[in-house]
Amino acid sequence: GDRHTIRFGGLFEQDRSISQTVTAAFPVDADGDIDGAVEGFGSYSDVAQRTYSVYLQDEWHLLDTVVLNYGARFDENDGVRDEHQLSPRVNLVWTPKGGFSGHAGFSRYFSPAPFELVSGANVAQVAGTTAASEVQKADAPYAQRESYWDVGFQQKLGHFTVGLDGYYRTLTNM
């Protein structure tokens, strides 16, 4: 109808990373002091990741000055770790006469971690050397998940626009 605009879409992405590294490091003793001659370590990784996403959104003109945008996005990430999430979104915009506009909304986000990170084999391989990481845990990373609340306004003043926007977010797996 005249008051609704439906939008939808999809995304497919495939990434692949091939890495071959050689690391030279000194072995260390229990106190962290160098204990021997340089040793060489080789590692090879070949990883791929696929992301599938679809979304559906409605832009609903409740009144001439009030628009409600709502919808959802579904993401599936198949990579080092397989994860998915349904992410709802809603946003209300008010634009009365006089150059003022105000908005408030909520969104969920799903951001897969970069998949080309150091492999667990490489972390274990250089343990006990000067190349060892202080973080010894090498679990595959999780996708970042975020809830985001936003409110703000803008006012046109001649050739200028001033505004104030505030947000609050909670997230996991940053």
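Is Tyr168 buried or exposed? Tyr168 counts as exposed, at 52% relative accessibility, where buried means under 20% relative accessible area, exposed over 50% and partly exposed in between (1.4 Å probe, protein chains only).

This is a predicted model, in which local features need pLDDT of at least 70, side-chain atom pairs count only at pLDDT 80 or more, and totals for chains, interfaces and linings use all residues. Residues are numbered from 1 along each chain as its sequence is written, and side-chain values use heavy atoms, with hydrogens and water left out.

Rings of Phe, Tyr and Trp (its six-membered ring) pair if their centres lie within 6.5 Å; planes under 30 degrees apart count as stacked, over 60 as edge-to-face and the rest as tilted. The count by this rule is seven aromatic pairs. One of them joins Tyr109 and Tyr148, edge-to-face, with 6.1 Å centre to centre and 75 degrees between the planes. Tyr109 belongs to strand E5 (residues 100-111) and Tyr148 to strand E6 (residues 144-157), so this pair ties together parts 39 residues apart in sequence. Strands (E, at least two residues) are DSSP runs, numbered from the N terminus. Tyr109 is partly exposed at 32% relative accessible area, and Tyr148 is partly exposed at 23%.

The ring centres of Trp149 and Tyr168 are 5.8 Å apart and their planes lie at 40 degrees, so that pair is tilted. Because Trp149 lies in strand E6 and Tyr168 in strand E7 (residues 160-172), the pair ties together parts 19 residues apart in sequence. Trp149 is partly exposed, at 37% relative accessibility.

Elsewhere, Trp94, Phe100 and Phe153 form one aromatic cluster.

Note on methods:
Helix = DSSP H or I, 4+ residues; strand = E, 2+ residues; numbered from the N terminus.
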